[in-house]
Amino acid sequence: MDNEPTTLFESYEGDFQTLVSAVKEKLEGDAKEQRGEQRKATLRRVEMELDEADEMISQMVVEIQGMPQSIKPRYQTRVGNNKAELARLKKLTKELHATAARSDLLTSSTSPSDDPYSTSASDRARLLAGTSLLEDSTRRLEDSHRIALETEDVGADILRSLRGQREQIEHARDTLGRADTNIDRASGTLKKMFRRMHMQRYTTIAIITVLVILIGLILWFKLS
């Protein structure tokens, strides 16, 4: 397993670039050439892909939090460029939504009808539908941005927590190391004390034995 701090970032950015290329192809090709429901379906797929790209940027931001300080600025610049590109594509998507709504409205207004009142009501209905679609798209983009920011904050908090736990573990390991050293010293001291105690006991026994022998000899000489 690759433990380089930039490996996951590079992977996320590669997926992001692939997804952005697919979105560009749809926006600059299919979405401009298609009409009606076909264009709307393409734009809905583009919105889902943009949401996915937004999540990838959030993951890149989380990965940057765990990088060494010396390389962070370079990767933060790359994330900034990716965010700018994503914002441009979101803006283009909104413009194409608006263009589609206007196109539908113009198509409706120029279609022949014997009942002018019916045409006017149809125009209003299409206009309201287009406005509702734009508002819904804007709301979805705002929700995606909010979720991305929340994910970034949660990821940063998790990294800070893991960093703190690592420091605690390292401190505990150092404490255990010092405790082992102290135990070894105490064990050596106790062994020395036991040796001295045994030596003193043997010395005491030897002295008592000599004294008993001397007393016995003295008594023997006096009585004989």
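How many helices and strands does the chain have? The chain has 4 helices and 0 strands, where helices are DSSP runs of H or I with at least four residues, strands are runs of E with at least two, and numbering starts at the N terminus. Along the sequence the pattern reads α-α-α-α.

This is a predicted model, in which local features need pLDDT of at least 70, side-chain atom pairs count only at pLDDT 80 or more, and totals for chains, interfaces and linings use all residues. Residues are numbered from 1 along each chain as its sequence is written, and side-chain values use heavy atoms, with hydrogens and water left out.

**Chain totals**

Of the 224 residues in the chain, 25% are buried. Buried means under 20% relative accessible area, exposed means over 50%, and partly exposed lies in between (1.4 Å probe, protein chains only). The accessible surface comes to about 15,800 Å², computed by the Shrake-Rupley method with a 1.4 Å probe. Carbon and sulfur atoms hold 58% of that surface. Among contacts with a separation of 6 or more, 75% join residues 24 or more positions apart; a contact means heavy atoms within 4.5 Å.

**Nonpolar core**

The largest nonpolar core has 23 residues. Such a core is a set of buried Ala, Val, Leu, Ile, Met, Phe, Trp, Tyr and Cys residues joined through side-chain atoms within 4.5 Å. F9, F16, L27, I57 and V79 touch the most other members. Helices α1, α2 (36-65) and α3 each give two or more residues to this core. The most come from α2, with 9 residues.

**Aromatic pairs**

The structure holds 2 aromatic pairs. Rings of Phe, Tyr and Trp (its six-membered ring) pair if their centres lie within 6.5 Å; planes under 30 degrees apart count as stacked, over 60 as edge-to-face and the rest as tilted.

| Pair | Centre distance | Plane angle | Class |
|---|---|---|---|
| F9 and Y75 | 4.8 Å | 85 degrees | edge-to-face |
| W220 and F221 | 5.1 Å | 65 degrees | edge-to-face |

F9 lies in helix α1 (residues 7-33) and Y75 in helix α3 (residues 72-110), so their pair ties together parts 66 residues apart in sequence. Both F9 and Y75 are buried. W220 is exposed, at 55% relative accessible area. F221 is exposed too, at 56%.

**I147 in α4**

I147 sits in helix α4 (residues 116-223). I147 is partly exposed, with a relative accessible area of 43%.
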